[in-house]
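User: I want to learn how to read the features of a model like this one. Please take me through them step by step.

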Amino acid sequence: MNFSGILLGLTTFLIIGLFHPLVIKAEYHFGRKSWWAFLAAGLLFLVLSLFTARLLLSILFGVIAFSSFWAIGEIFSQHQRVKRGWFPMNPKRKADYE
């Protein structure tokens with residue numbers, strides 16, 4: 001039996017699940033300017049994916065890369081959700097939401 005697909009599916013699910021709270025925390029603590037960190041992480045994992053010889057590891061690096069790229073848009077969406085009152089606002093950055 002080949003468990004590679006199941007392992008890949010499970011780790012992809014966990015990576016995507018990890019990025020949801022990561023976006024929320026990044027927007028809360030650093031605001032919209034945190035998108036640069038997700039861009040840097042995405043580019044790093046994209047390069048790692050290109051130069052990794054092991055197929056499963058390369059695929060996982062690609063999943064992390066594109067999850068990071070997805071997070072860039074979500075940072076700005078999260079900012080809007082905070083402005084609507086759906087998520088708590090960081091009181092230290094109250095001026096960012098006015």
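User: Which pattern does the protein chain follow along the sequence?

Analyst: Helices (H or I, at least four residues) and strands (E, at least two) are DSSP runs, numbered from the N terminus. Read that way, the protein chain runs α-α-α. It holds three helices and zero strands. The radius of gyration is 16 Å, well over the 13 Å of the globule rule for 98 residues, so the chain is more spread out than a compact globule. That radius is taken over C-alpha atoms, and the rule is 2.2 Å times the number of residues to the power 0.38. The C-alpha trace spans about 55 × 25 × 15 Å along its principal axes.

User: What are the ground rules?

Analyst: This is a predicted model: local features need pLDDT of at least 70, side-chain atom pairs count only at pLDDT 80 or more, and totals for chains, interfaces and linings use all residues. Residues are numbered from 1 along each chain as its sequence is written, and side-chain values use heavy atoms, with hydrogens and water left out.

User: How do I check a helix length?

Analyst: The expected span is 1.5 Å times one less than the number of residues. Helix α1 (residues 4-30) has 27 residues and should span 39 Å; its end C-alpha atoms are 37 Å apart, which agrees. Helix α3 has 29 residues and reaches 42 Å, close to the 42 Å expected.

User: Where does α3 bend?

Analyst: A bend at a residue is the angle between axes fitted to the seven residues ending there and the seven starting there. In α3 the bend is about 30°, at Gly73. After α3 comes Gly85, with a positive phi near 90°.

User: Which residues of α1 are buried?

Analyst: Start with the geometry. An α-helix has 3.6 residues a turn, so residues three or four places apart point the same way. Buried means under 20% relative accessible area, exposed over 50%, partly exposed in between (1.4 Å probe, protein chains only). In α1 the buried residues are Thr12, Ile15, Phe19, Val23, Ala26 and Glu27. Their cover includes α2 and α3. Over the protein chain, buried residues make up 33% of the 98.

User: What is Ala71 in contact with?

Analyst: Contact means heavy atoms within 4.5 Å. Leaving aside neighbours within four places in sequence, Ala71 touches Phe19, Val23 and Phe38. Ala71 sits in helix α3, and at 0% relative accessibility it counts as buried. Now take Arg32, in the loop between α1 and α2. Arg32 is partly exposed, at 37%. With the same exclusion, its contacts are Ile75, Phe76, His79 and Asp96. The C-alpha atoms of Arg32 and Ala71 are 11 Å apart, across 39 residues of chain.

User: How many aromatic pairs are there?

Analyst: A pair of aromatic rings is described by the distance of the centres and the angle of the planes. Rings of Phe, Tyr and Trp (its six-membered ring) pair if their centres lie within 6.5 Å; planes under 30 degrees apart are stacked, over 60 edge-to-face, the rest tilted. The structure holds four such pairs. One of them, Phe45 with Phe61, is tilted: 5.7 Å centre to centre, 50° between planes. Phe45 lies in helix α2 (residues 35-51) and Phe61 in helix α3 (residues 55-83), so the pair ties together parts 16 residues apart in sequence. Phe45 is partly exposed at 22%, while Phe61 is buried at 17%.
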